[in-house]
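Me: Could you take a close look at one part of this model for me? I'd like to hear about the salt bridges, and then about a helix that connects with that picture.

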Amino acid sequence: MTEPALLVARNLGVALSGHEVLHGLSLDLTRGHLVALVGPNGAGKTTLLRALAGLIESRGEVTIGGDGLSRLPLRERAKRFGYLPQGHLVHWPLPVRDVVALGRFPHGATDPARLSPYDAEAVARAMRVTDVARFADRSVNELSGGERSRVALARVLAVEAPVVLADEPTASLDPRYQLDVMQTLRQAADAGTLVIVVTHDLGLAARFADTVLVMADGRLAAQGAPHQALSDAVLQQVFRVSAYRADYQDSGVILPWTGV
């Protein structure tokens, strides 16, 4: 029996400053999957992510768990979506534990120093899976860029939302931290979360994603399993590249090789 979609969009459209950015997209996305959202700069990836979470005005309909997004109170939306924006900077010298505890705010935990046992365990669990528990008492501003990125991800995971939206979470990270972040998101998907990741790295998308959505000019150009959505024809048409392909340790490898 096919599991019903957790997150559904129907004819989703967005106009920004009078310019049509998304053109009637429809999606059915299921829990327990990691979905990679790829496409050239300006394709509408971030706009789609924000529209799915109800962070910007849009046309059409989005439902999560069968509930219309537009009819959900803001706090309920915040419980259902863990959102990691681009940059994910923290400007205050807060201890790591307190930054991660911000993820419990939608659940009513307004004081990091007075968490309920359940909230405290959710924070501890998020710090464990992102390997930042050892930094719990350090100021987040003392950490490296890669360490701060894992703290930001821990805050999102502490929400324990059924949907995680991550906008370029591996940008500007060295290869080790890129792999750490993607492996953590893969584990979240394996545990039942619907994870949607915007990335420019086709190799990471091919390795970690169950489904790849390829965007171009505010529309879906392709969608499906990585080997289908990232076919030679799609790479040439959308990205204007050819790619080297191989199989390694039971994973498909895609490396953009030449411009076409």
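Reply: Happy to! A residue is called buried when its relative accessible area is under 20%, and exposed when that value is over 50%. Keep in mind that this is a predicted model.

With that cut-off, Asp180 counts as buried because its relative accessibility is 16%. The side chain of Asp180 meets that of Arg176 in a salt bridge of 3.1 Å, N to O. Both residues sit in helix H6, 4 residues apart, or about one turn of the helix.

The structure holds 17 salt bridges. Another of them joins Arg59 and Glu20 at 2.3 Å, N to O. Arg59 belongs to strand E4 and Glu20 to strand E2, so the pair ties together parts that are 39 residues apart in sequence. Arg59 is partly exposed at 42%, and Glu20 is partly exposed at 28%.

In H5, 11 of the 14 residues are buried, so the helix is largely enclosed by the rest of the structure. Among the buried ones are Glu147 and Arg150. H5 covers residues 145–158 and reaches 20 Å from its first C-alpha to its last, close to the 20 Å expected.

Just after H5, Glu160 takes a positive phi of about 55°. Glu160 also brings us back to salt bridges: a network of them links Glu160 with Arg104, Asp119, Glu121, Arg125 and Arg128.

Definitions and conventions:
Residues are numbered from 1 along each chain as its sequence is written. This is a predicted model: local features need pLDDT of at least 70, side-chain atom pairs count only at pLDDT 80 or more; totals for chains, interfaces and linings use all residues. Side-chain values use heavy atoms; hydrogens and water are left out. Helices (H or I, at least four residues) and strands (E, at least two) are DSSP runs, numbered from the N terminus. The expected span of a helix is 1.5 Å times one less than its number of residues. Buried means under 20% relative accessible area, exposed over 50%, partly exposed in between (1.4 Å probe, protein chains only). A salt bridge is a side-chain nitrogen of Lys or Arg within 4 Å of a carboxyl oxygen of Asp or Glu.
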